[in-house]
Each structure stands twice: as structure tokens, then as C-alpha cells.
Amino acid sequence: MRRAVGALIRKDVRLELRTRESIPAMVLFSLSTFVLFHFALDEAEVSGALASGILWVTLLFAAVLGINRLFVADREEGGFDGFLLAPVDRTALFVAKATVLFGFLAAVEVFVVAAFAILLLGPSPWPGLPSLVLVLLLADAGLAVIGTLVAALAVQTRARDLLVPLLALPLSVPLVIAGARACEPLLAAGGAGALEARWLGVLGLYDLVFGLLAYAIFDFLLEE
Amino acid sequence: MFGRGLKTLSLITVALIVGAFALVFFYAPNEADQGFIQKIFYLHVPLAIVALCGFVAGGIYGILYLRSGDRMHDLRSYVAIHLSLILGVGALVTGSIWAKASWGVWWTWDEPTLVSFLIVFLLYACYQPLRFSIEDPERQARYAAVFAIVAGAFVPLNFMAVRMAQSLVHPRVLSTTGGSMPGSMRLTFLVSLIGMALLFVTLWKYELASKSATFKLRALKRKLAGEDEIWTGNPRRSAAPTL
């Protein structure tokens, strides 16, 4: 299992390094969204709830782009067939893909949060940064799990591009509620406030429930 | 196969629904604050509760389908979710009317139950598009079951997250079901709830009986006319499972 997961992760990372498809697209998309928010809201600087909302909506939509691409290469180039022929546990594909998506999201956020701090954010991001990283990583885990599941569900259908956002957005509402509320005091105008532990609890519970669920039922999305 | 006991069940359901309406209009007192409009509560809340239970039941039948591979479970799951979606529309509309009458707005973001119900409804609204977009019937059933399970687990989690997001300043009309409701109101509410649940089960069984009878008829026709029988079924597109 561990070797299979490692091999699959190496394959996806190598693919991304050579094609440079997902991560640059997600980062560029996020930057364009910040510009759009600047003009749509007519604000030069944002803080508090508004800043947190803009950051989360942007990250979520960027994640949907990545989720959409997650299994496309496997489907079009026969990656699924190759994997199904290999004598390994099928859950390995889920673990590998979720890890890869988690890595992609974290990599995108490094650029996007930096760009957000430069372009739109009023107060300094530094005091709240450790808590912000913690919240983002917990939410990334949930997004990676649910994203992998939705991507695997949608990739075999005719309406893939339609179904991914339609399924992923309602499913990630709890993540956005908890993430945006948790980040609100961190990005407040009068200096970073304290992080509320209950939002971390919601994020952790979400990760746990859907992580276990996806681990249990992912196999059924692969059987031929 | 599904027809057994349907007649008795239908009669009990009709009796309970009529009884519930009689209680709502002639027995339960008018609420002091909201007056007559509060009686929509006896329709709105049972609709919402039964719809949510139907969604979760769809998920449970999804699990049974994945475990057994019996297409009947897929049909049960599909019909439960389909009916719950219809009840869900009813719950959203009655909720909106109630909000307009008692708070003066068609929609309020302060009521966590209403908001989480909308999110759940939006998620389940994708169930039929998902089925539509998969051609292979076996894969359609399997993917639909996976969706039903994930969404079924999402229902309680989502309610918790949305409820936590609200500051608790708003009067919680919907959470008074166990607490401050006077006995006559609680009795009326319980009868309405049971009536609605029975209505759901009755409709569910009718739909299952109708669907399985259609499939049996089609199979018999095919047997009679030979394998090259022309498709005589419903020409409309349907996301319903075929047996």
C-alpha cells in the first residue's frame, strides 16, 4: 500500500512539474479573482469579515479548478486501466490523489495568501499568520478529501465540468463557514484577535468524518 | 411485491392526515404572538423533518446497495431521494411564506435550520443530473449510491456547522418542539409529523410498486415478443433506475 501510494504521488507530482497545468492555473485564477473583487467592491483595502470572505471564496473556486483536473489525465491517458491492472489496494489511489490535491492546495495558498496580503489586505498578516496557516491546512485536508471523491465521481460522467462545482460547492459549505469565521479575527483591522477553538473543532470533525467515509467507499468508484 | 398492505396503509395515512388537519384547525390554540399564521408550522416542520429523514434513508439504502448489489435497493434509494426533493420544495416554500408572514421578509439568513435546509436541498438537487449523465445502468446505480451516502453523512454535519455560525440572539421558533410548547400544540404537532411520515412511506411504496410492476410488464412483453421487441417504455428521459 505505502509503495503504491508513493509511486502514484511521484507520478502526479512529476506530471504537474512537467506540464505545469494545475497549480499555475489555480494561482492565476486567484489573482484575477482578487482584481475582480477590487473592482466589484470598489475597495482598495479590506479587513476582517470581508477580507476573510474574499480569501475563502477565491480559494474555494481555485480549488474547484484543481478538482476538475484531478483525474482527467488518468481517464484520457489510460491511468485508471493501468492502476486497475496493478495488484494493489484500490484505496491507494484515493490516498495518493487526496495527498496530491492537498499538496497542490497548500502550494497554491503560499502564493495566493502572499498576493492577497500585497494586493487587498489592509492590516498586516504577520501576527495572525501561524493561526491562519493552521486553519488553511485543516480546511485543505477537508477540501482534498471531498474534492478527490467528487472528482472521481464526476470524471466518469458526461457532464464532468458541470457536476464538479455543483457537487463540490454545497459540500464545502461547512468548511467555508468554519474557515471564514475562524479567519475573521485573524485579519481584523485592529490587529489579529484570538483564534476560536470551536471552528478548528468543526474543521477537524469534517476532515475526520469525510476522510473515513471516503476511505470506505472510494473503492466503489473504481470497480469495472 | 410492494403492493402488500398498501390499502391498509393508505387508509391509515388518509385518516391521520385528515385528523391532523382537524386538530390543526379546531383543536390547537392560536399562538399568542403570530396568531393564525403560526399554524403553517404544523405543515412546514413535518415536511422538513420527513424530507431530511428521507434523504438519510436514501443514504442507508445506498449502503445496502453497495453491500448487496441488489438493484431493488438502488430503486428504494432513488425513490426516497426523489420524494424527499419534492417535500423539500414544499418545506422551502412554506418556510418562506411563514418567514414573510411573521418576520416580514421572504428569506432570512438568521434561521439556521432554514439555511442548512437550503444547502442540503441544493446538494441533493444534483442527484438526478448525476444519474442522467451516466449511461451505464450498473455504474449509474453505484455512483448514485456513493453520492447518497456522502450526502446523507453531510446532512447532520452541515446542520451543526450552520447552527454554530449563528449568534443565538434570534428567537428559535423551530427548536421549541420539545420545550415550551403547550400540550395541545405538541399533540397536534406529533399527529401532523406522524401523518406526514406515513404519507411519505405510502407514496414511496406506491412509487416502488408502480416502478417494479412496469419493469415486470416490460420483461413479460419482451418474453412474449422475443428479444427484438421494440422499445415500448416511457419515451421521456428518466434518471430512474431500470431493473
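Helices (DSSP runs of H or I, at least four residues) and strands (runs of E, at least two residues) are numbered from the N terminus. This is a predicted model, where local features need pLDDT of at least 70, side-chain atom pairs count only at pLDDT 80 or more, and totals for chains, interfaces and linings use all residues. Residues are numbered from 1 along each chain as its sequence is written, while chains are lettered from A and ligands numbered from 1 in the order in which they are written.

**Exercise 1. The two chains**

Task: Find which elements make up chain B and chain A.

Solution. 
- Step 1. Read chain B along its sequence: the pattern is α-α-α-α-α-α-α. That comes to seven helices and zero strands.
- Step 2. Turn to chain A. From the N terminus on, its elements run α-α-α-α-α-α-α-α-α-α. The count is 10 helices and zero strands.
- Step 3. Now burial. A residue is buried if 20 or more other C-beta atoms lie within 10 Å of its own, exposed if 12 or fewer, and partly exposed in between; C-beta atoms are placed from the backbone. In chain A, 42% of the 224 residues count as buried. In chain B, buried residues make up 36% of the 243 residues.
- Step 4. Last, contacts. Two residues are in contact if their C-beta atoms, placed from the backbone, lie within 7 Å. Take contacts between residues at least 6 apart in sequence: in chain A, 85% join residues at least 24 apart. For chain B, that share is 80%.

**Exercise 2. The size of chain A**

Task: Compare the radius of gyration of chain A with that of a compact globule.

Solution. 
- Step 1. Take the radius over C-alpha atoms; the globule rule is 2.2 Å times the number of residues to the power 0.38.
- Step 2. With 224 residues, the rule gives a value near 17 Å. Chain A has 18 Å, which agrees.
- Step 3. Along the principal axes, the C-alpha atoms of chain A fill roughly 60 × 35 × 30 Å.

**Exercise 3. Helix H1 of chain B**

Task: Check the span of H1(B), then find its buried residues.

Solution. 
- Step 1. The expected span is 1.5 Å times one less than the number of residues. H1(B) covers residues 6-27, which is 22 residues, so it should span 32 Å. Its end C-alpha atoms are 30 Å apart, which agrees.
- Step 2. Thr13(B), Ala20(B) and Leu23(B) are buried in this helix. They lie on the same side of H1(B), because they cover an arc of only 95° around the axis. The arc is that of the directions from the helix axis to the C-beta atoms.
- Step 3. Look at the face turned away from the buried side. Exposed residues there include Lys7(B), Leu11(B) and Phe26(B).
- Step 4. Ask what covers the buried residues. The cover includes helix H2 (41-68) and helix H7 (183-225) of chain B.

**Exercise 4. Tyr42(B)**

Task: Is Tyr42(B) buried or exposed, and which residues does it touch?

Solution. 
- Step 1. Count neighbours. Tyr42(B) has 23 other C-beta atoms within 10 Å, so it is buried.
- Step 2. Leave out residues up to four places away in sequence. Tyr42(B) then touches Ala20(B), Val24(B), Thr188(B), Phe189(B) and Ser192(B).

**Exercise 5. Where the chains meet**

Task: Describe the side of chain B that touches chain A.

Solution. 
- Step 1. Count: 24 residues of chain B are in contact with 24 residues of chain A.
- Step 2. H6(B) gives the most to this side of chain B, with 15 residues.

Note on methods: Ala, Val, Leu, Ile, Met, Phe, Trp, Tyr, Cys and Pro count as nonpolar, Asp, Glu, Lys and Arg as charged, and the others, Gly among them, as polar.
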